Amino acid sequence: MSTPLAPQHGELPHAEPTELSAPFWNRCAEGTLTFQRCAACRSINFPPVEVCRECLDTDLGWEESSGRGTLYSWTVVHRPVTAAFTPPYAPAIVDLDEGYQMVTDLIGIAPEEITAGMPVEVDFHEVSPGLHLPYFRPSAG
Amino acid sequence: MSAGRAVIAGVYNTPQARRLENWTTRKLIASAALGALRDAGLTLADVDGVITEGDSSALIYDLRLGPAWQGRGFGLDAVVEAANAIKGGQADVVLIVAAAAGVYVDRDATAPWTRPENEFVAPWGLFTAAEFALIARRHMTTYGTTPEQLATVAATIRNNGHQNPEAVYFGRGPFKPEDILASRMIADPFHLLDCSMTSEGGCALVLVAADRMADLPAKPVHVLGGGADYYGPAYQFPPSWDLAGRRGGPVNGRIGGRAADRAFRHAGLERSDVDVLELYDPFSFEIIRQLEAFGFCEPGEGGPFVEDGHIAVTGSHPVTTDGGTMSFSHAGGSPQMFQRVIRGVQQLRGEAGPLQVPGAEVALCSGAGAGALFNSVVLLGTEASS
């Protein structure tokens with residue numbers, strides 16, 4: 001029961017990137033995690049948005065995330081949402097060090113070894129041609 | 001403005017089953033509408049307001065109900081919207097109806113209404129069980145809530161359905177918490193029996209002005225208050241316990257708290273006035289969360305609270321007495337919500353059979369929860385509030 005969780009492979013359900021989100025996915029393909037920051041109030045916006053969720057300014061720029069954070073919550077799915085997914089997989093919410101949250105799947109750890117608050121870091125995988133997903137795994141150090 | 005307060009005069013559930021062969025959604029809607037009107041002692045010719053799932057105007061055309069008011073509310077919000085339309089003089093008799101059959105056919109996948117399409121959620125394989133599990137896990141790691149406490153909730157609700165002749169899973173128990181924990185894991189911490197089922201069926205309610213009830217057969221059930229809390233669209237953003245808005249107030253994990261406060265204040269009632277809680281039960285943990293959010297126990301105390309038998313039909317806070325979405329039925333988006341209110345009406349009329357809460361006069365009904373980023377409540381009573 002200590003098989004580490006692995007990335008998915010094959011065609012997964014995903015939406016086509018929009019003009020708004022394409023910069024995020026393009027940088028994922030390069031192995032870099034990014035987020036939007038408002039030039040006016042310095043608030044982080046993720047997922048990306050046209051108008052700052054805090055101050056409603058429209059001057060939003062992209063910044064690079066360290067890709068490091070801690071585990072906020074997780075589940076281990078044994079009955080997949082569709083047959084496109086191979087169980088088990090572990091949807092999670094990560095608290096990024098920059099101060100925002102994102103949904104991801106945990107990999108590189110056995111389900112029973114996952115603990116709340118554990119340090120994690122981003123780990124990109126191309127699950128199907130062109131789809132580079134930012135998974136998270138336990139931090140190396 | 002008319003001063004007529006709204007009462008629920010008729011309710012009806014069609015047959016419910018995992019699959020209803022030979023039924024369609026539209027046929028179920030027609031059957032449910034006629035059933036609720038019959039229960040109210042009214043006919044289609046009395047209806048001048050309609051709320052259904054999706055496009056109410058199509059139903060107004062197909063049932064030749066025009067010219068009629070139509071509402072747009074979803075779930076419990078529709079009941080409040082209908083009551084307000086009657087109180088505001090926009091309609092006299094509002095039919096609320098919903099059904100589903102033949103919608104969930106691809107059994108290799110979870111039900112279509114459970115699957116997110118947002119690009120920042122979909123590739124991670126989330127669905128409702130996982131979304132609600134992320135909320136439950138946060139409570140477990142924060143307060144020490146246990147899988148056994150979740151299983152106690154599921155066993156209690158499933159035992160209600162076991163005794164309800166109209167439930168899809170009538171006679172399928174009794175269940176002990178161990179039985180829940182022994183079922184296969186779906187999305188940790190939720191085992192199969194911690195989760196709602198999927199099924200087919202229809203239901204309807206008829207609301208009228210209170211002064212109309214003198215002519216009608218049923219014992220009136222008054223809509224005393226309601227409330228709705230939203231944090232955003234379901235299944236597009238991280239289902240985070242700590243999601244907060246700029247105004248302060250309860251975080252997402254406590255969603256429904258503001259709605260309940262307002263409903264109680266409007267009704268002039270206290271928590272201690274509630275006799276039965278017809279809570280929405282998509283997953284076992286959601287009962288624990290709502291008991292805390294609605295103020296029936298302290299934050300973090302929901303787990304121990306359900307362990308002590310409080311939530312059984314014989315307990316101080318009976319919950320989800322028809323068996324809920326786990327055992328009674330879960331026929332898609334709207335029926336699962338409306339049926340919480342229908343059960344509240346049945347309890348206040350004394351029509352809940354072996355699951356009757358003796359002398360029930362006030363019911364709190366709820367819909368959805370923190371995995372979905374919204375929670376609505378309705379307070380029902382046998383007496384009009386002062």
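User: Which side chains does Asp46(B) or Arg212(B) meet in a salt bridge, and at what N to O distance?
Analyst: In this predicted model, the side chains of Asp46(B) and Arg212(B) meet each other in a salt bridge, at 3.5 Å from N to O. A salt bridge here is a side-chain nitrogen of Lys or Arg within 4 Å of a carboxyl oxygen of Asp or Glu.

User: Where do the two lie in chain B?
Analyst: Asp46(B) is in the loop between helix 1 and strand 2 (49–52) of chain B, while Arg212(B) is in the loop between strand 7 and strand 8 (221–230) of chain B, so the pair ties together parts that are 166 residues apart in sequence. Helices (H or I, at least four residues) and strands (E, at least two) are DSSP runs, numbered from the N terminus.

User: Is Asp46(B) buried, exposed or partly exposed?
Analyst: Asp46(B) is partly exposed, with a relative accessible area of 27%, and Arg212(B) is partly exposed at 27% as well. Buried means under 20% relative accessible area, exposed means over 50%, and partly exposed is in between, with a 1.4 Å probe and protein chains only.

User: What should I know about the numbering and the cut-offs?
Analyst: Residues are numbered from 1 along each chain as its sequence is written, and chains are lettered from A and ligands numbered from 1 in the order in which they are written. Local features need pLDDT of at least 70 and side-chain atom pairs count only at pLDDT 80 or more, while totals for chains, interfaces and linings use all residues, and side-chain values use heavy atoms, leaving out hydrogens and water.

User: Switching to chain A, what is the strand order in the open sheet of three strands?
Analyst: The order is 2-1-3, with antiparallel pairing. Strand 2 (44–45) and strand 3 (60–64) of chain A stand at the edges with a single partner strand each, so one side of each has no neighbour in the sheet. Two strands pair if DSSP finds at least two bridges between them.

User: Which residue stands opposite Arg37(A)?
Analyst: That is Ile44(A), in strand 2 of chain A.
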